[in-house]
Amino acid sequence: MAVGAAPPTSRFPAVSRGRVLWTAGGIAVLALTVRELVAAPAVFVTTVLDGLTTAGLYFLVASGFTLIFGLLRVTNLAHGSFYLAGGYVGYSLREATGNWFLALAGAAVAVALLGLLFQLTVLRLVGGDPLRESLVTIGLSVVVADMTLAVWGGSSLDITIPPFLGSTIEVHGLIYSRFRLALLGLALLVGFGLWVLLHRTRLGMTIRAGVDDPLILATSGVNVPLVLSFVFGLGSLMAGLAGVAGGSYLSLSQGEDARYLLVSLLVVIVGGLGSVPGAVVGSVVVGLVQAFAQVHLPTYSVLVTFGVMIVILAVRPRGVLGGAE
Amino acid sequence: MNDTASLTLRGVSRRFGGLLAVDGVDMHLPRGARRALLGPNGAGKTTLVNLISGALPLTSGSITLFGADVSREPGRRRVRHGLARTYQQSKVFSGLPVETNIELALIGADGGLWRALPGGRRSRARHERACRLAVELGLVEQMGKPAGALSHGGKRQLELAMALACEPRLLVLDEPAAGLSPSERQMLTDLLLRLDPDLTLLLIEHDMNVALAVTDSVTVMADGRVVAEGTPEDVVSSRLVQDLYLGTAHG
Amino acid sequence: MASDMTAGRGDQATLRRPWRAPRARTVAAVIVVVIAAAIPYVTSSFVFVQIVIQSLWMAMVAASLVFLVRFAGMVSLAQTGLYGTAGYVTANLSAIRGLNPWAAAGIGVLVAVALAFVVGMISSRARGVYFIMLTLAVGVFLYYFALQYRPFTFGFSGINGVRVPDLGPVPLSDPLNFYWFTLALSVAALVGLYTFSRSPLGLALQADRDCPERVEALGMSTTAVRVIGFTAAGAVASVGGVLSVWFNGQISPGSLDITRTVNILVVAVLGGVIRLEGAWLGALLFTALTAYVSNITNYYNSVIGLVYIAVVLVSPNGVPGLFTATARSLQRALLSSAPPRTTARPVNGEK
Ligand SMILES: Nc1ncnc2c1ncn2[C@@H]1O[C@H](COP(=O)(O)OP(=O)(O)OP(=O)(O)O)[C@@H](O)[C@H]1O
Ligand SMILES: [Mg+2]
């Protein structure tokens with residue numbers, strides 16, 4: 001009973017060090033925010049919006065990655081390639097049909113099929129060893145990169161934005177791109193859809209149980225291979241979706257696959273592996289850090305983002321929402 | 001303060017989420033003590049060993065090894081005070097030959113990797129010591145085998161060899177007899193009886209024959225707490241302990 | 001896996017007939033030496049330069065990866081980043097700042113080793129797939145750094161015009177001399193890595209691969225062991241980086257992009273991640289395959305990706321593993337009529 005009244009925690013370095021660092025980090029963020037707000041409020045708001053819309057795009061990419069990892073324990077190192085493939089397919093569909101939403105849906109489905117095909121053929125063959133599965137996916141990324149280069153060439157392409165989203169919106173003298181806001185909306189919508197799927201359906205319960213403890217899946221009486229394939233397909237679908245969204249807002253070119261693979265890695269490393277809420281936290285952190293770094297230290301924006309990741313790792317080796325060690 | 005104490009636990013606790021696996025355990029082992037730690041499955045014995053060895057951080061309480069407060073020291077530092085342990089589930093370096101397993105334990109005992117760096121002559125002496133230990137534990141035939149290829153009993157012996165290689169002053173064994181054959185148990189009992197009288201032993205064991213043959217005092221845990229402590233005769237005859245063990249150890 | 005690993009240490013000598021093991025090994029060594037000495041004189045200059053010499057520096061980088069996977073259980077995708085760092089520093093200091101090329105190379109290796117130390121510190125707490133992700137993040141980050149940090153790396157086009165220095169009176173720009181030089185460094189790296197793996201530190205590294213908890217319980221720091229192992233491998237990778245810059249005369253972000261990371265992985269996988277020598281065999285196979293396939297199709301990257309996937313799928317022990325497996329089943333087929341012999345094993349330790 002005496003134990004219930006916990007002794008001063010400061011005796012234990014692991015706890016106190018973390019607290020000190022978090023507090024210091026919080027104060028630093030707060031101080032920076034205040035400074036920015038005072039110096040240039042309009043720039044600050046725009047930067048925050050930039051960060052959040054970027055975060056939306058990152059969430060679209062990374063949530064698929066983290067979902068696949070959570071259930072299948074596969075780090076799909078071809079996830080960036082799925083993004084790029086989705087973007088390219090979306091580009092062609094948009095050019096052919098003139099309908100952006102059709103391009104979005106078509107590309108997402110196409111990439112989902114690609115992912116499913118890969119999972120059903122190659123990954124199933126590897127069978128169960130997460131390390132080898134991850135190594136195989138990196139081979140796929142090379143093939144996809146080479147094929148997209150052959151079909152769509154090396155120059156950068158833009159997916160044309162639907163006209164009604166092409167303009168800007170003005171609120172209180174602040175001008176902002178409609179499309180970027182729509183992108184944020186899309187991310188919120190997808191996030192909500194995922195939440196409903198994971199928390200309000202039987203399938204979702206199964207998936208969450210499997211993420212917590214892979215053994216549960218095997219004993220729960222569900223068709224495990226089917227659930228695994230479904231999740232891999234879903235994760236790929238999200239990558240394809242993100243590819244079209246990202247290709248409309250930025251542009252598509254060779255090398256973007258590596259960029260979005262890095263983004264996915266950073267987001268899940270920061271947020272914690274395998275959890276969708278972790279992907280939300282991770283994308284917001286990475287998105288905001290990147291937006292502010294681009295304003296203040298454009299040359300070193302990658303460095304700054306990376307530095308933040310390292311600091312977070314030093315405090316929480318498993319990411320912000322990754323649970324204690 | 002008390003230089004006859006090997007190990008002193010004060011209010012040692014460990015929480016896993018909502019479960020208090022070890023709950024305010026006090027224990028005092030004088031030098032040379034032979035203590036058995038008994039208790040039903042899930043009593044928190046292994047968790048307590050992990051706390052003592054530093055494999056798990058404490059939630060609260062303090063641990064003193066030979067007069068030094070080690071509550072905040074990582075596991076590898078506690079080894080320097082003369083602590084060695086074995087694991088309930090054998091943990092050996094399965095890809096390395098048996099002899100290398102023992103030699104690594106010797107390297108650790110000799111003050112860690114930095115002292116071992118020059119190698120050379122010292123490594124030959126180390127090899128000889130490893131061989132002597134292997135002979136003692138009946139592993140000599142298996143010296144070149146990867147440890148992963150040993151039988152279950154072989155792995156248990158290797159565990160013990162690695163712990164003894166550290167020339168410990170406090171030896172903590174977590175169910176060393178589990179899964180051993182009767183003859184292997186007898187060998188184990190003999191070996192434990194031959195240990196240096198100055199060495200302090202904390203032995204977790206479900207097999208009463210082994211436990212009571214080699215220990216002179218007993219601590220009983222249940223639900224994370226110490227529920228009885230005394231001589232083997234007292235404890236074994238007490239009602240409480242018999243109740244605890246009904247349906248677990250004998251069931 | 002476990003039995004394969006000890007095969008090289010002579011522990012299995014008792015399983016073979018006692019006189020046979022040393023003989024097989026000596027024969028293999030002699031064959032390798034003869035081939036290595038003959039290669040410059042029997043190959044065309046294209047094969048010699050583009051396939052053989054190219055394979056030597058790739059093998060150095062791949063060997064560092066094989067070492068990490070084999071002895072430390074760390075699948076590091078940061079090795080390309082490390083070799084690229086050594087390459088960039090060497091190129092910048094010698095070609096842009098006009099420093100003595102040997103000094104530039106030395107500093108390049110030092111910087112990369114220091115970076116390996118830091119990366120080791122960051123990632124040593126992670127294991128398995130998490131370690132892959134962290135090191136890949138580091139690798140991709142270094143690629144973007146090379147692309148973005150123009151003052152030092154000159155962005156997309158990279159640094160050109162790096163000259164190969166002379167070794168005393170011997171000009172290394174002559175392919176034959178360069179070949180002997182890289183070959184000597186390869187042997188040094190191989191011997192160095194094997195020596196390390198047998199030292200107390202190397203043994204502790206292998207122990208950590210098998211059971212980190214036990215390593216701590218024996219009074220050794222897993223972090224220290226892992227960081228030192230990672231740094232040692234980084235040193236070998238960065239020597240490979242210097243050689244690559246000298247060989248190519250230039251370095252650009254393309255030298256450390258994902259494709260290159262995969263190439264190194266392919267080399268390691270082709271060679272089988274069992275013995276360090278496999279890296280050299282894998283590299284030779286890889287450069288030959290690239291040269292051959294790029295002759296017949298533009299999609300050689302796809303072909304390499306598919307070959308890589310196939311090897312990972314079919315043979316965990318790479319191409320040598322494929323051979324031993326085939327040899328074994330052949331032997332079984334041949335012996336199936338004869339009385340079964342369980343003790344005789346084919347010579348499989350050496351390539
Ligand atoms: N790492 C952990 N995380 C969560 N709970 C744990 C952990 N380790 C142990 N427990 C729980 O703590 C309790 C005590 O476990 P412990 O292994 O210490 O028991 P024990 O006395 O050694 O039992 P046994 O005789 O079966 O070995 C159990 O309920 C167990 O489930
Ligand atoms: Mg136990």
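1. Which element supplies the largest share of the shell around ligand 1? In this predicted model, local features need pLDDT of at least 70, side-chain atom pairs count only at pLDDT 80 or more, and totals for chains, interfaces and linings use all residues. Residues are numbered from 1 along each chain, chains are lettered from A and ligands numbered from 1 as written, and side-chain values use heavy atoms without hydrogens or water.

2. The largest share, 3 residues, comes from α1(B); helices are DSSP runs (H or I, at least four residues), as are strands (E, at least two), numbered from the N terminus. Both β2 (19-30) and α1 (45-53) of chain B give at least two residues to this shell.

3. Around ligand 1 stand 14 residues, a residue being near if one of its heavy atoms lies within 4 Å. Those that come nearest are B:N41, B:K45, B:T46, B:T47 and B:Q88.

4. An oxygen atom of ligand 1 lies 2.9 Å from a backbone N or O atom of B:G42. For B:E175, a polar side-chain atom is 3.5 Å from an oxygen atom of the ligand. The protein buries 61% of the 630 Å² that ligand 1 exposes when taken alone (Shrake-Rupley method, 1.4 Å probe).

5. Chain B has an open sheet of 4 strands in the order β2-β1-β4-β5, with antiparallel pairing; strands pair if DSSP finds at least two bridges between them. Because β2 and β5 (68-69) of chain B are at the edges, each with a single partner strand, one side of each lacks a neighbour in the sheet.

Definitions and conventions: A polar contact is a pair of N or O atoms within 3.5 Å; within protein, one must be able to donate a hydrogen and the other to accept it, and residues adjacent in sequence count only if both atoms are side-chain atoms.
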